[in-house]
Amino acid sequence: NNNNNNNTRNKNNKKMATEWDVKLIRARQLQGNIEKNFQVLRDEQPFRDGNDPMREVHRIYEDIQTDLDEFSSVQKELLQLQDDSRSKMSTIKSLAHKENNFYREFSQIKKTMNEHLDRHELMANTNKRISQHESVSASESLFMEEADHIRNSHQTIDDVLHLGHNVKDALLYQGTLIQSMSSRVVSTIEKFPVINNLTKHINIRSKKNAVVLGSVIAGCILFSLWYILY
């Protein structure tokens, strides 16, 4: 009976030792995950790598909190598996101390990260307002340039119209002078019969020449048409 009891006790001890080792390994893994995420937040990596640092920070918060909850659960399970071994008692004490440090450090990191997030959001809003102001300023500048172009075009049109009026007035004045000179020439010619007759002959000769020239041109055209068609 004593041998059976000893065998049973040994089996239970081996089983507990195996469970202890498995739980302890898991605790070490969780400890590594937590410290890794802490370091990511200390280095402010989400603010350098991501377009949405707030989402990334909160995701890391959730990962840390999940690991801390599991770390506490594993520690409680190890506490139930401990025996009178000083090494196990020391391990339990070390894990409890580590857990307290984790929660304290997590609280401090969240405070620091929240300050960074507030500052980042403030900077993002400021940059957005500056961009909007620059966009509005650029639009106003374009409108002003376009208004200047339209104003210059109107001024050019006014100058051209003014020049056209001046040319018109000059032509009317010249026409008046020519008409006045023609009247004087006609009145002078009428005063001298010889000159008057000579002028009439010149006009008649000019008309005859024009008729002859017109007839020649018409004949040439008709001949050309006849040659082309036949």
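Is T91 buried or exposed? Select T91 and you'll find that it is buried, with a relative accessible area of 16%, because buried means under 20%, exposed over 50%, and partly exposed in between (1.4 Å probe, protein chains only).

A quick word on what you're looking at. This is a predicted model, where local features need pLDDT of at least 70, side-chain atom pairs count only at pLDDT 80 or more, and totals for chains, interfaces and linings use all residues. Residues are numbered from 1 along each chain as its sequence is written, and side-chain values use heavy atoms, with hydrogens and water left out.

Back to T91: it sits in helix α4, residues 86–191 (helices are DSSP runs of H or I, at least four residues, numbered from the N terminus). Leaving aside residues up to four places away in sequence, T91 touches W20, L24 and R28 (contact means heavy atoms within 4.5 Å).

Next, select E99, which is also in helix α4. Its neighbours, again skipping residues up to four places away in sequence, are F71, S72 and Q75. Show the side chains of E99 and S72 to see a polar contact of 2.2 Å (a pair of N or O atoms within 3.5 Å; within protein, one must be able to donate a hydrogen and the other to accept it, and residues adjacent in sequence count only if both atoms are side-chain atoms). E99 is buried yet has no salt bridge (a side-chain nitrogen of Lys or Arg within 4 Å of a carboxyl oxygen of Asp or Glu). The nearest side chain of opposite charge, K76, is 7.1 Å away.

Last stop: I217, in helix α5, residues 193–229. I217 counts as partly exposed because its relative accessibility is 44%.

Notes
Helices (H or I, at least four residues) and strands (E, at least two) are DSSP runs, numbered from the N terminus. Lys and Arg count as positive and Asp and Glu as negative; His and the chain ends are not counted.
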